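Trainee: I have just opened this entry and would like to understand how its descriptions are reached. Could we go through them together?

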Amino acid sequence: MAFAEPRMPATPASTVAFAARRPRRVLPGFGLSLGYTILYLSLVVLIPLAAIFLKSGELGWERFGQVVGTPRVVAALELSFGAAALAALVNTFAGLLVAWVLARYDFPLRRLVDALVDLPFALPTAVAGIALTALYSPNGLLGSLLEPLGVKVAYTPLGIVVALVFIGLPFVVRTVQPVLEELDREVEHAAATLGASSGQIFVRIVLPAVWPALLTGFTLAFARAIGEYGSVIFIAGNMPMRSEIAPLLIVTKLEQYEYAAATGIAVVMLLISFFLLLGINALQAWSQRRLLGVAA
Amino acid sequence: MSIAVHSINKRFGEFVALRDVSLEVPTGQLVAILGPSGCGKTTLLRIIAGLDSPDTGRVFLQGREATELPVQQRRVGFVFQHYALFRHMTVFDNVAFGLCVRPRRERPSAAAIRAKVEELLALVQLESAATRHPMHLSGGQRQRVALARALAVEPQLLLLDEPFGALDTQVRQELRRWLRRLHDALHFTSLFVTHDQNEALEVADAVIVMNGGRIEQRGAPEEVYDAPASGFVHRFVGSSQDLPARRTAGLLYVGPMAPVPSAGTDGEVSVVVRPQDVQVNRAGEGWPGVVGAVRVVGPLVHMEIALEGHNGDPLVAEFERERYRADPFLTGQTVCVTLRRYRTYPTDPVG
């Protein structure tokens, strides 16, 4: 007959001994890939950096202090880090805006604008520097308009910031845009049904979600700007104590065959950058954890 | 809050989501919109909430025109299928959100907000989860947080878009009964969208069946089940199967069964029958067939019968398990089938 209660086979007594076994990784090759990573990082990053420390070691503590303590070097370092931070900050706002427009709206030529964002990545920085200088010099297209207002851009620290803004923008846009595109619109709709205005939705819902990406974008733009050389030297005017950036000073020292002094300045830049980036990364990790509620 | 919707049309590009949809929901009712995916039910709900705007037609809430009213001012609670919780906020902050974003002069004091949120968390039985993040909650818990969050602003109207669609069967049943009790206790109007007929039949005061952007039928759950207005409703609500038939001169011929009087135009018709209405006899009158697979489904038994001369799927007859066990059939046995109850619809291959 067709009707039957389901029958289970009698369960055999378990005879399998559970031996302590190393958990298997899903993807093999951890040892190999880690080894390769360390080798690669050593060759490309760590060994050259160590060489800088070694070379600057030739100076000895006293000479090192004299080299990096001169007012000209201190002014250059302040300018480099200050202008980089300012430019990254400007880019954080401008980049968020550009990313928002590209992620949220559909308009004619959107793809073209999207492609334009990457241009500063590809353009030789010297070309960018020359173009910006031509634009902003007192008789340039924009410079001649700003001159009567008493605003000087070319050959001033302001010009440096302008150049750094130019080269840093894509970093913010390209880190924030995908996050904005991935955001769940329903969450914003939910906030709207609860009575939140567009402004409140942006501040309370969207911003916390893109905050870690925004911070990453800021960090990348900042890091890139600290080391930028090519575009800046054309527009800066390079006056010692006023518009001379630290990387240029290093090149100057090299040209005067003061290799140890050049690496001395480099070491200071390297250390400041390292700790700044470490700090921002820690902040970023913290905000990411907070966003996902892991810390709670 | 009562809802009235007048001749709403909505299209997305080429796709027509809603065709001339009108409906009314009186204050205090819990109404289910039931339909397959793509039938326009979610679009209708979003239009009522103000998250989408209709191409033509008007929406009235509590008798007042709300077609142009922004979402924020409609004060409807909306619950999403995938919860849409604010994942960077704790459960407490999620629930408090609606109160915290109010303009300063309307906003309750911090203490009042705290009291309100605690009351709501007690209502959804999640007091202990107040400081946790949504990520650490189960699906059922998340949806309860979403409900508490929607209720915090004291909406007169609660709209739920497949609220239990992403949950396990067990949790789903529990939650929908709980929703019914909540609805009865708090006296708001609820409209919820579902593709699960059991959900609609079990919880709702009235069921609206939608198909292809149109409302096919509106009625009490038993009405929709017992007297479907169309072949689509019959097939979508409850399980049913089609048999080809022919009506000639007021007589209905279903296979070799004896003709029965039937009103309607002559020609091909579809006979739609539910499995529990299939009568299986060992011999005698009816449509002969051979017993195929027999399956036990909980308290029921489903038996397939291959009808003689019928090329479609085998007919399924449903029995209560106790009764079947007392008098079982054997696979391969020849039987005769008659229909206890059925409905006829014009033949419509699409359904």
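Predicted model: local features only at pLDDT ≥ 70, side-chain atom pairs only at ≥ 80, totals over all residues.

Trainee: How do you know how chain A stands against a compact globule?

Mentor: Set the two values side by side: a compact globule of 296 residues would have a radius of gyration near 19 Å, but chain A has 27 Å. The C-alpha trace of chain A also spans about 100 × 55 × 35 Å along its principal axes.

Trainee: What share of the residues in chain A is called buried, and why?

Mentor: The share is 38% of the 296 residues in chain A, and they are called buried because their relative accessible area is under 20%.

Trainee: How do you know which residues of chain A and chain B are in contact?

Mentor: Heavy atoms within 4.5 Å make a contact. By that rule, 35 residues of chain B are in contact with 26 residues of chain A.

Trainee: What makes up the area buried between chain B and chain A?

Mentor: The two chains bury about 2,700 Å² between them, with 65% of it on carbon and sulfur atoms. On the chain B side, B:Gln72, B:His88 and B:Val101 supply 22% of the area that chain B buries against chain A, more than any other three residues.

Key. Residues numbered from 1 in each chain as written. Chains lettered and ligands numbered in written order. Heavy atoms only, no water. Rg over C-alpha atoms; globule rule 2.2 N^0.38 Å. Buried < 20%, exposed > 50% of the residue type's maximum accessible area, 1.4 Å probe, protein only. Buried area = accessible area lost by both parts, 1.4 Å probe.
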